[in-house]
Amino acid sequence: MYLLKEKSLNDSAHVELELKSLLKNSVNVNKNNQNELLYAIDTYIEISGNIDIFQKIVSYRIKEIEKNHTQRPLKGNLYTILTSDIAKKNISENLLFGLPPLFRLIEKCATKYFENILECWATYECYKITSKATKSQNNHKVGHFMLSNTCDEDDSYKYEIVSNIENDTRLFHTAFSNVALDLSSANLLINIETFIKQQHWYEMLYCLDVSLSSEHFILYQENNGELPLLLSTALIQRGNNQHKWLTFQPFFQTENWTIELSNENLNTLNNCGMYDDDVNYLAQEKRIKNLDRKMLQSVKNKDLVCEIIRMAISGENKKLNFILFLTLKYLTIELYNIGLKIAYTIVEQPSILGFYHSVNSEICEISPYISVCSQHVEGTKLKTYQGIVLTEVMSKIFKECNFRSYNKRIITMRKLERTGIHG
């Protein structure tokens, strides 16, 4: 939880003194002095109006590295670049020329009290969410949960698709804070804590507003008369919003992606009845940028298509696999129920891919999952896959699947992969 203290820093001079004091502090890093730093940063932003302080610091350091890295383009994501040895050396030794002096003080404090400037930025965004909710004391209506569906596995788990989360007045707790948050704020907090802080996708810090609105799947657990605990969410972007799709953003359209559209996948596209009669011509396409657009253009009815991104899973560690299973199962079923039969996905969790590969390995005319391309993100152990889930076939499989059989499929696929039988 991110604590809010009464503000006593009333100008930049007081903020500077506080930052210098924190920099000299020799005590071990703990939540209290982290919160003192976040409070000082928040005060400075409020006084100065420099709301983009973190963006400016990060941008400066990236450009600084690029100047000394002219032989080939930088690879990797923000995290791998800004935690590299050259970045650490620059941050340790070099000033931020052209930026206000307090920016450099904040950068120094950030690297002292957090692992890096990116983690400090992400934690500050969490601090803002809970602080704002605490100050407003959440003067929202509690709202109704009448439209939710009950999971077959445990009737305390509920799920639904919310058309516009920005208009939802219901309050939730999360696994990361006991502060009552409206749905959009709770969703944003979970996104930051899982995707950004845990999985190091700091690029999302530039587009946090995406988590505050639009259509989402949500899974939550009732809590004996208390506020429900929001456990997972996923953003649903329909075909008429293709300009917003993550699939078509620059990072996912580079030559770093390896196309994996097999003959089996092409047969599935030909046989599922939702694409042009013959899409075999796609096999000739070598650039993912062109392939993605041509595949989408070949869909007969664009109203059937969506992109599923930002699927965030939270909760107790021992229950995370179960929560992931419930999310995958009921998200897929609900997508099919509302007529979304083609779901573009970006996945890196091995367990999800293991399940998809398992159901694909069964003899059937139409494979439920189509792998389009993959990329190993330099500097990490991650391999990210772009693919398509055909929800009609996949929902039928999930309806016949319980948590035990789901786990069995994943374990079997892991054994096959270790022995080299699969893939």
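This is a predicted model: local features need pLDDT of at least 70, side-chain atom pairs count only at pLDDT 80 or more; totals for chains, interfaces and linings use all residues.

Q: Is R61 buried or exposed?
A: Buried means under 20% relative accessible area, exposed over 50%, and partly exposed in between (1.4 Å probe, protein chains only). R61 has 2% relative accessibility and therefore counts as buried. R61 belongs to helix α3 (residues 53–67); helices (H or I, at least four residues) and strands (E, at least two) are DSSP runs, numbered from the N terminus.

Q: Which residues does R61 touch?
A: Contact means heavy atoms within 4.5 Å. Leaving aside residues up to four places away in sequence, R61 touches L82, N90, I91, N94, L95, L96, R104 and E107. A polar atom of the R61 side chain lies 2.8 Å from the backbone oxygen of N94.

Q: How many residues of strand β2 are buried?
A: In strand β2 (residues 157–162), 6 of the 6 residues are buried. In a regular strand the side chains alternate between the two faces of the sheet. Here Y157, Y159 and I161 point one way from β2, while K158, E160 and V162 point the other way, and all are buried.

Q: Which strand is joined to β2 by 6 bridges?
A: Two strands pair if DSSP finds at least two bridges between them. Strand β5 (residues 216–223) is joined to β2 by 6 bridges, and the two run antiparallel; I161 stands opposite F217 in β5. Strand β1 (residues 149–150) is also antiparallel to β2, with 2 bridges, and N149 stands opposite Y159. A hairpin is formed by β1 and β2, with 6 residues between them.

Q: How many aromatic pairs are there?
A: Rings of Phe, Tyr and Trp (its six-membered ring) pair if their centres lie within 6.5 Å; planes under 30 degrees apart count as stacked, over 60 as edge-to-face and the rest as tilted. The count by this rule is 21 aromatic pairs. One of them is the tilted pair of F325 and Y406, at 5.0 Å centre to centre with 45° between the planes. This pair links distant parts of the chain, with F325 in helix α11 (residues 320–337) and Y406 in helix α14 (residues 403–419), 81 residues apart. Both F325 and Y406 are buried. Ring pairs link Y157, F322, F325, F355, Y356, Y369, F398, F403 and Y406 into a cluster.

Q: Where do E107 and R104 lie?
A: Both are in helix α6 (residues 101–113), 3 residues apart, about one turn of the helix. A salt bridge is a side-chain nitrogen of Lys or Arg within 4 Å of a carboxyl oxygen of Asp or Glu. The side chains of E107 and R104 form one, at 2.6 Å from N to O. E107 is buried at a relative accessible area of 0%, and R104 is buried at 9%.

Q: What are the closest N and O atoms of K294 and E285 apart by?
A: The salt bridge between K294 and E285 has its closest N and O atoms 2.9 Å apart. K294 is partly exposed at 34% relative accessibility, whereas E285 is buried at 14%. Elsewhere, salt bridges that share partners join R61, E64, R104 and E107 into one network.

Terms used: Residues are numbered from 1 along each chain as its sequence is written. Side-chain values use heavy atoms; hydrogens and water are left out. A polar contact is a pair of N or O atoms within 3.5 Å; within protein, one must be able to donate a hydrogen and the other to accept it, and residues adjacent in sequence count only if both atoms are side-chain atoms.
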